[in-house]
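Let us take a walk through this structure together, one part at a time. Please have the sequence and the 3D view ready.

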Amino acid sequence: MTDSTLQSAATDDAEGMSYLESVPRRLVTLYLPLFIILIVLLFPFYWMVLTAIKPDEQLIDMNTYNPFWVVHPTFKHVSKLLFETQYPRWLWNTMYVALGATTLSIIASVLAAYAIVRLRFRGADTVGVLIFFAYLVPPSILFIPLASVIQAYGLFDSPLSLILVYPTLLIPFSTWLLMGYFKTIPFELEECALIDGASRWQILVKIVVPLAVPGLISAFIFSFTLCWNEFIYALTFLQSTPNKTVPVAVVNEFVDGDIYKWGSLMAGALVGSLPLVVLYAFFVEHYVSAMTGAVKE
Amino acid sequence: MSTVQASIPARTPSADAVSRWSRVRADRNFIAVWFMLPAAAFLLLFLAYPLGLGVWMSFTDARIGRTGVYIGLENYEWLWDDAIFWLSVFNTLLYTIVASAIKFAIGLYLALLLNRNMPFKAFIRSIVLIPFIVPTVLSAIAFWWIYDSQFSIISWSLTRLGLISHNIDFLGDPNWARASVIIANIWRGVPFVAITLLAGLQTVSPSLYEAATLDGATSWQRFRHITYPLLTPIIAVVMTFSVLFTFTDFQLIWALTRGGPVNATHLMATLSYQRGIISGRLGEGAAIATAMIPFLLAAIAISWFGMQRRKWQQGGNND
């Protein structure tokens, strides 16, 4: 609080009032509940990894082997997945759809967000609110009419249909996120450029976009994650096995009566999650700012 | 460039035309139309139009492969007498209310824990978000395996602890199935609630708590009179999203139970898919989907007015 030196003031601020608490008290009120919650949150992943590398006989014999551990781990499930099924193809489809839809959405969102925040055209506020409402329209009430729209355009069973439809999920979110970023860019910069004779397009490309790169990264990776995650449209629009995306394929193609399905099912879930987890590990801060930014706006 | 050049000679007719053209080109409304065009095209073609089309389809007897004819309210009358539809409404409300309430409670608690000072703070926070990152269907499949009727690790552990004598059929018994999907949904939703509320908590100045402590406030009073009022706007937004996404959930149910056993976990979204796409009765499926809209509007309205009231109490907007 009111300490004499700057240094101690800074540390004091970071600690807040935690120095008032005794260690045992912190243990019970903070570390123990946090530990339990973390265990619960992470257990399904541990279980996923463990099952994916467990030999089949250990999976179904829970009396001889401790189910919480694995002896003689095997990569059989993963290699079966990658070399005997169409999994690489599904991964490629998912990647292709996610990248395509995300790129289209970011371009559209940058333009829309700039127009709403900086061009201040007539009705800009209304458009902003409408886009926010578009964010609230869930896919589960749209998939039936969209299926007939897609059918009418001749895009049924084509990944292109997803590339065109996913932007409706991503544009509202990215536009709101980018609006927040664009608002923080000082408009004096743009005024200078306008006086120097730059067109609106040049201002956007040469001034606003370079300054909003962190926001663009956030919007990009968050949109990418949403695409990878999307299920109901992919399930409805894609019919033939080689065209499916990973989430749909894992649910539909691996599920049979076999009690040995679990190893390959978990391997499929694990491999399908890994790209996102890796991406997340590199861009944690961007994820958090994307998630909280769009909500706070 | 062209604006400056063209505005100087304004006498000859051609120059007049040029200046009008360039004035139009420099007009912000005109530019804005072009800037808005891509986003508007996507949202109109693939969001607004299907939304209207869905409502229209609910008044037709459309099936897969054939456009329907207008049949008035027949689909809705049919649904009104359909016990499975009402069961799905009940399930959806139960699922939404129970899961959202628990997600809020655990999420807020976790946010308060994460907001305290501790070693490896950033690392722990990033771990918390992982369930939100992994595709829902894939983590749902992990839950499916955890809930397996024969090899469930939960049944195994409880048996070993001597608490139960035979395996629980998590996804085979109607009530267990409901509880199981709700728990999976909570697991998946808590990180989102916690991390967004944490972002709100970090904007609360620690000096407020210090002042309150000096005045003798207990930790509950600090929460009730400082944290909660300051957090209300963000709680309203987060819970609106949470309720909307829970209410319209499809993928978790589809991966875990597909609506079974005996429709005990059918939500309106899964029933709509079942009737509309699998059975091919698009009109009926669209009617079920359209029946979700009033609930969604109610949820949005409640949170909207909740936020307005906060703004009014704080005497201004929260920008």
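In chain B, the C-alpha centres of domain 1 and domain 2 lie 39 Å apart. The domain assignment places domain 1 of chain B at residues 11-56 and domain 2 of chain B at 58-314. Keep in mind, as you look around, that this is a predicted model.

Next, turn to the place where the two chains meet. Here 74 residues of chain B are in contact with 81 residues of chain A. On the chain B side, the element that gives the most is helix α3 (residues 28-57), with 17 residues. What classes of residue make up the side of chain B that touches chain A? That side has 58 nonpolar residues, 13 polar ones and three charged ones.

Now move over to chain A. You will find 16 helices there and zero strands. Of the 297 residues in chain A, 43% are buried. If you take the contacts in chain A with a separation of 6 or more, 77% of them join residues 24 or more positions apart.

Helix α5 (residues 87-119) and helix α9 (residues 167-184) of chain A have axes that come within 7 Å and cross at roughly 45°. Because of that angle, α5(A) is oblique to α9(A). The crossing in which α5(A) passes α9(A) is right-handed. In the contact of α5(A) with α9(A), 16 residues are nonpolar, five are polar and two are charged.

Conventions: Residues numbered from 1 in each chain as written. Chains lettered and ligands numbered in written order. Predicted model: local features only at pLDDT ≥ 70, side-chain atom pairs only at ≥ 80, totals over all residues. Contact = placed C-beta atoms within 7 Å. Helix = DSSP H or I, 4+ residues; strand = E, 2+ residues; numbered from the N terminus. Nonpolar A, V, L, I, M, F, W, Y, C, P; charged D, E, K, R; others polar. Domains from an automatic or database assignment. Axes fitted to C-alpha atoms, helices over the stretch in contact; angles between N-to-C directions. Parallel < 35°, antiparallel > 145°, perpendicular 65-115°, else oblique. Left-handed = near helix turned anticlockwise from the far one by under 90°. Buried ≥ 20, exposed ≤ 12 C-beta atoms within 10 Å, placed from the backbone.
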